[in-house]
Amino acid sequence: MQTMQSQTMRNQILQSLRASDQYLSGEQLSRQFQVTRSAVWKAIQSLREEGYQIESVTNRGYRLLSLPDRLLPVEIQQGLQTQQLGGQIIYCESVNSTNEKAKLVAAEGATHGTVIVAEKQTSGKGRLGRVWSSPASQGIWMSILLKPDILPKDIATITLITGLAVCRAINSICDCKAQIKWPNDIIIGTRKVCGILTELAAEAERVNYVVAGIGINVNNTSFPAALTKKATSLRMEFGKSFSRVALVQAVLQELEPIYNRFVATLSFQDFDAYKEKCATLGRKVTLVQNQLELHGTAVDLTPTGELIVRLEDGKNITVNSGEVLVQGIYE
């Protein structure tokens, strides 16, 4: 188990290796950080165990060759341009669910903006109690702990905000036109590339915290048979691998300003941008209300994010939750 001091020194050595395209000798690093040559060697070994490829040449020193494809906090925070989101990152090789882990650390006093990332989830959760497939080191399985000063009735907007941020992040990284299937699935074409599950702890007039769980299929090359018609990944869509670290950074950087604008004004100032990305609008939909199957067209959204559906008889209804089947998506 690394001590905080040794971990800090290890990260400092990593930063030095990152910043140099030359070999750095063990003696040079030991002088720079006022530690022994043995401590430098141990730090190098620790970095190698995490997947950093570090070349070692006698009489020349160490040189960083490549970075690991892992969602390590030091990598995510390197160049991250946020004020609060991602200030604390908790990394898990494997966890039952990043949302469940986020709730545990929230109960222990974790701060606003804490992010949980995992290489693998053993019991990943989707909406309506579904299981979310979370294979190791292929996607982004993360949860963001938010502590907004809002009322419980305003919580649905956090879901929409998160969906918009993730959609924008994917578009910026992949240079594509991902869209939102209301309320918070992200699709490319007609298939799902990301799901979002928002959970909260609240009292009657106070939100204690919100957990925004995000699952993005990044470098997956296949899915279980039951998902092949519905799911896709960035790699399957574009024929190449993407940096998961860069995409996590993009999500946090897109989310923070949208979230801050909402919390400051209690108004979804990016509502029009969400509507523009919403693939559900204008499509035929099927939904169930009071055990009745209803058919109509999604025509608009209310300012608080409910879906307005015009039924076949011309009557408009609002939908704030539940399953809405959209013609042409996931078919």
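**Figure 1. Contacts of Lys101 in the predicted model.** Apart from neighbours within four places in sequence, Lys101 is in contact with Ile90, Cys92, Val95 and Ile116. Lys101 belongs to helix 5, which covers residues 98-107. The relative accessible area of Lys101 is 28%, so this residue counts as partly exposed, a class that lies between the limits of 20% and 50%. From Lys101 to Thr304 the C-alpha to C-alpha distance is 29 Å, and the two are 203 residues apart in sequence.

Figure 2. Thr82 is buried because its relative accessibility is 16%, and the cut-off for buried is under 20%. A polar atom of the Thr82 side chain lies 2.6 Å from the backbone oxygen of Leu85. Beyond the neighbours within four places in sequence, Thr82 is in contact with Leu252, Gln253 and Glu256.

**Figure 3. Crossing of helix 6 and helix 8.** Helix 6 spans residues 155-174 and helix 8 spans residues 244-265; their axes come within 8 Å and cross at roughly 140 degrees. The two helices are therefore oblique to each other, as angles count as roughly antiparallel over 145 degrees. The crossing of helix 6 with helix 8 is right-handed. Residues making the contact include Ile158, Ile161, Ala165 and Arg168 of helix 6, and Leu247, Val251, Glu254 and Phe262 of helix 8. By type, the residues of this contact are 16 nonpolar, 3 polar and 2 charged.

Methods
Residues are numbered from 1 along each chain as its sequence is written. This is a predicted model: local features need pLDDT of at least 70, side-chain atom pairs count only at pLDDT 80 or more; totals for chains, interfaces and linings use all residues. Side-chain values use heavy atoms; hydrogens and water are left out. Buried means under 20% relative accessible area, exposed over 50%, partly exposed in between (1.4 Å probe, protein chains only). A polar contact is a pair of N or O atoms within 3.5 Å; within protein, one must be able to donate a hydrogen and the other to accept it, and residues adjacent in sequence count only if both atoms are side-chain atoms. Contact means heavy atoms within 4.5 Å. Axes are lines fitted to C-alpha atoms, for helices over the stretch in contact, and angles run from 0 to 180 degrees between N-to-C directions. Helices (H or I, at least four residues) and strands (E, at least two) are DSSP runs, numbered from the N terminus. Angles under 35 degrees count as roughly parallel, over 145 as roughly antiparallel, 65 to 115 as roughly perpendicular and the rest as oblique. A crossing is left-handed if the near helix is turned anticlockwise from the far one by less than a right angle, and right-handed if clockwise. Ala, Val, Leu, Ile, Met, Phe, Trp, Tyr, Cys and Pro count as nonpolar, Asp, Glu, Lys and Arg as charged, and the others, Gly among them, as polar.
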